[in-house]
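Colleague: I would like a close look at one residue and its partner. Please start there, then lead me on through the rest.

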Amino acid sequence: MFSKILIANRGEIACRVIKTARRMGIKTVAVFSDADRDAVHVEMADEAVHIGPPPAAQSYLLIDKIVAACKQTGAEAVHPGYGFLSERAAFPRALSAEGIVFIGPNPNAIDAMGDKIQSKIYAAKAGVSTVPGNLDVIATPEDAVRVSDEIGYPVMIKASAGGGGKGMRIAWNPAEAAEGFVRAKSEAAASFGDDRVFIEKFIVNPRHIEIQLLGDKHGNVIYLNERECSIQRRNQKVIEEAPSPLLDAATRKAMGEQSVALAKAVGYDSAGTVEFVAGQDRSFFFLEMNTRLQVEHPVTELITGIDLVEQMIRVAAGEKLSITQADVKIDGWAVESRVYAEDPYRNFLPSTGRLVKYRPPAEGLREDDVTVRNDTGVTEGSEISMFYDPMIAKLVTHGPTRLAAIDAQAEALDEFVIDGIQPNIPFLTALMQHPRWRSGNLSTGFIKEEYPDGFSGRPLDEEARRVLAIAALSMEMVRKERLDHHSDRLKPHSGKWRSEWVVRLGREQIAVEVPEGYASVPLEIDVLLDGHRSTVSSDWRPGEPLWHARIGDDEVAVQVRPAAAGMQLSWRGVVTYARAMLPPTAKLDALMPEKTPPDMSKYLLCPMPGLVVSIAVTAGQDVKAGETLAVVEAMKMENVLRAERDGVVKVVNAKPGDSLAVDAVILEFA
């Protein structure tokens with residue numbers, strides 16, 4: 001076994017590998033760019049080596065710098081994580097030339113299966129069903145249109161070396177095929193240093209299901225069942241689960257055995273994943289093979305009890321697999337949410353900045369045989385940079401059934417407090433309540449179909465109305481009781497119990513009665529709301545970001561943030577302004593006018609912090625609705641900003657290369 005390994009990655013996956021290595025008694029070496037000098041993975045590792053400036057192309061993607069770091073520290077092996085150099089065959093070859101072991105598959109297997117075009121050719125030769133398409137590299141936008149016309153729309157334009165949703169575009173017509181080719185090629189070059197793209201048929205209403213493989217250097221390969229990753233946005237996975245609610249035992253076995261046969265055909269010898277696009281009728285087609293550890297590997301670990309990182313390390317050290325296919329079981333259900341630095345209210349555009357608050361839910365075993373796990377690479381005070389992937393954490397819950405895991409995920413998301421940037425937590429929490437998600441009726445178009453106009457928050461239904469009204473009232477009673485008994489107050493509290501209250505949620509005022517109780521900490525009150533009486537108890541104190549309480553028989557956690565003359569409350573994807581008042585104050589509050597936002601329709605605003613890639617118009621130019629105005633890049637994704645209506649450009653305030661803040665004015669219209 002190795003005594004020291006280097007992790008050629010950053011963020012949560014670097015931290016994840018370090019945890020397993022530490023448990024195995026292996027020392028670790030981290031590498032870091034200027035942007036990651038104070039990162040968590042640097043602090044966790046036994047040693048750390050600086051490898052360059054923030055752009056990945058000048059640091060994490062440079063093989064010679066990783067090799068030099070290994071030689072400098074005496075690391076015997078390298079774990080690549082995912083992304084960056086994990087699927088570059090040149091990397092393990094360069095390591096091998098220096099006598100360093102690559103903790104991953106052999107370079108020939110990476111060559112065979114890591115390239116999306118070549119992998120489809122291998123799969124076809126092996127008799128695996130593949131999606132119709134053109135596997136030739138596309139050279140020009142005109143070629144892209146011609147090939148797309150031949151295949152038939154819709155088509156998927158994909159980077160050959162791609163992954164993580166980068167370098168992928170769906171085209172429904174020739175114009176989208178031409179533009180999608182340009183954008184996919186550009187993203188592929190920026191993210192992977194390889195701008196080759198190909199085109200295949202896009203299967204309508206598909207599901208994304210993948211088989212986890214594990215092989216060793218002795219010819220043994222097993223499959224660790226499946227994961228379903230159909231909840232995606234911009235071809236990037238958002239929610240994953242294991243097992244899949246679609247598959248039956250026969251389909252699972254067929255997909256698993258087909259994946260193993262394909263892996264054996266190319267001599268695969270590490271952890272890897274064969275991805276399939278599946279029809280609602282359980283038909284399936286080979287999509288690609290990822291010759292690395294997947295982001296979503298924790299859900300497989302939780303249902304099988306197998307540490308995939310440990311197995312990768314043991315296999316790389318030459319050990320035989322100690323697990324046979326018969327040993328692989330399915331224990332319960334696991335759900336993973338990717339917590340991204342993305343604003344769900346701005347069409348999930350990147351949100352960068354400092355984590356002013358970062359309070360994840362407590363990990364470990366909870367009641368009802370539920371487990372909570374949080375894989376992360378940040379802590380409170382960490383900077384979310386524009387240079388890298390927007391992932392903050394992977395929140396995983398495991399329970400005896402699918403709904404138990406989903407409900408546990410909803411509770412854990414409610415407890416996940418992040419301030420300073422806008423995370424996608426409100427969307428994830430709302431999604432856990434969505435009837436279609438809970439029923440398992442999924443497709444890769446789920447988010448687009450269920451949120452066609454974007455996400456604007458979960459509506460305030462009856463249950464949320466009750467919980468949030470009680471929360472606002474309880475917190476105000478504690479706050480008021482504390483102030484009334486403050487030693488420096490000129491006039492002490494009269495001692496009279498205030499039973500009549502009004503709670504404002506948004507613009508609605510709700511009459512609430514508190515017939516009896518105790519308003520100091522710990523609070524114990526009875527609440528009468530809409531004719532229903534509830535007993536409420538809580539240890540919350542003013543200033544705490546989470547209101548933990550028991551309402552009747554239910555445990556709830558509501559996120560609390562200060563707001564003008566009130567508070568902002570978040571629970572189960574519902575985010576609302578709240579204020580609890582005595583009736584005389586409520587009468588005056590009802591007379592207050594509602595503040596309306598200024599009209600910004602004459603401006604093109606930068607929707608997220610990012611780098612201007614291009615400006616497509618000039619001052620005085622006429623533009624039509626839908627026409628491209630600018631392209632802004634953030635977190636390795638290019639975002640095309642289009643005109644919402646016809647108009648004339650009056651002023652251009654930005655130029656290519658500019659780094660803009662959110663809501664910075666790019667263009668002004670006449």
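Colleague: What is the relative accessible area of Glu47, and how does Glu47 count by that value?

Modeller: Glu47 has a relative accessible area of 29%, so Glu47 counts as partly exposed. The cut-offs are these: buried is under 20%, exposed is over 50%, and partly exposed lies in between, with a 1.4 Å probe and protein chains only. Before we go on, note that this is a predicted model: local features need pLDDT of at least 70, side-chain atom pairs count only at pLDDT 80 or more, and totals for chains, interfaces and linings use all residues. Residues are numbered from 1 along each chain as its sequence is written, and side-chain values use heavy atoms, with hydrogens and water left out.

Now for the partner. Glu47 and Lys4 join their side chains in a salt bridge, at 2.5 Å from N to O. Here a salt bridge needs a side-chain nitrogen of Lys or Arg within 4 Å of a carboxyl oxygen of Asp or Glu. This pair ties distant parts of the chain together: Glu47 sits in strand β3 (residues 47–52), Lys4 in strand β1 (residues 4–7), and they are 43 residues apart. Helices (H or I, at least four residues) and strands (E, at least two) are DSSP runs, numbered from the N terminus. How does Lys4 count, buried or exposed? Its relative accessible area is 14%, so Lys4 is buried.

Take Arg93 next. Arg93 makes a salt bridge with Asp111, and their closest N and O atoms are 2.7 Å apart. Arg93 has 39% relative accessible area, so Arg93 is partly exposed. Asp111 has 38%, so Asp111 is also partly exposed.

Asp143 and Arg146 form a salt bridge, with 3.6 Å between the closest N and O atoms. Both residues lie in helix α7 (residues 141–151). They are three residues apart, about one turn of the helix. Asp143 is partly exposed at 24% relative accessible area. Arg146 is partly exposed at 42%. Some salt bridges share partners, and one network built this way joins Arg16, Arg23, Glu301, Asp307, Glu310, Arg314, Glu319, Arg373 and Asp375.

Next come the aromatic rings. Rings of Phe, Tyr and Trp (its six-membered ring) pair if their centres lie within 6.5 Å; planes under 30 degrees apart are stacked, over 60 edge-to-face, and the rest tilted. The count is 12 aromatic pairs. One of them is Phe91 with Phe102: the ring centres are 5.8 Å apart and the planes stand at 80°, so the pair is edge-to-face. Phe91 lies in helix α4 (residues 90–97), Phe102 in strand β5 (residues 101–102), and 11 residues separate these distant parts of the chain. Phe91 is buried, at 0% relative accessible area. Phe102 is buried at 7%.

Tyr451 and Phe455 make another pair. Their ring centres are 5.9 Å apart and their planes are at 70°, so this pair is edge-to-face. Tyr451 is buried at 17% relative accessible area, and Phe455 is buried at 4%. Tyr345, Phe348, Phe427, Tyr451 and Phe455 form one aromatic cluster.

Strand β30 (residues 554–563) and strand β31 (residues 566–571) run antiparallel and are joined by five bridges. Strands pair if DSSP finds at least two bridges between them. Val560 has Leu569 of β31 as its bridge partner. The hairpin of β30 and β31 has two residues between the strands, and in it Ala565 takes a positive phi near 55°.

Strand β31 then pairs onward. Its partner is strand β32 (residues 574–581), again antiparallel, over five bridges. Ser570 stands opposite Val575 in β32. The hairpin of β31 and β32 also has two residues between the strands. There Arg572 takes a positive phi near 55°.
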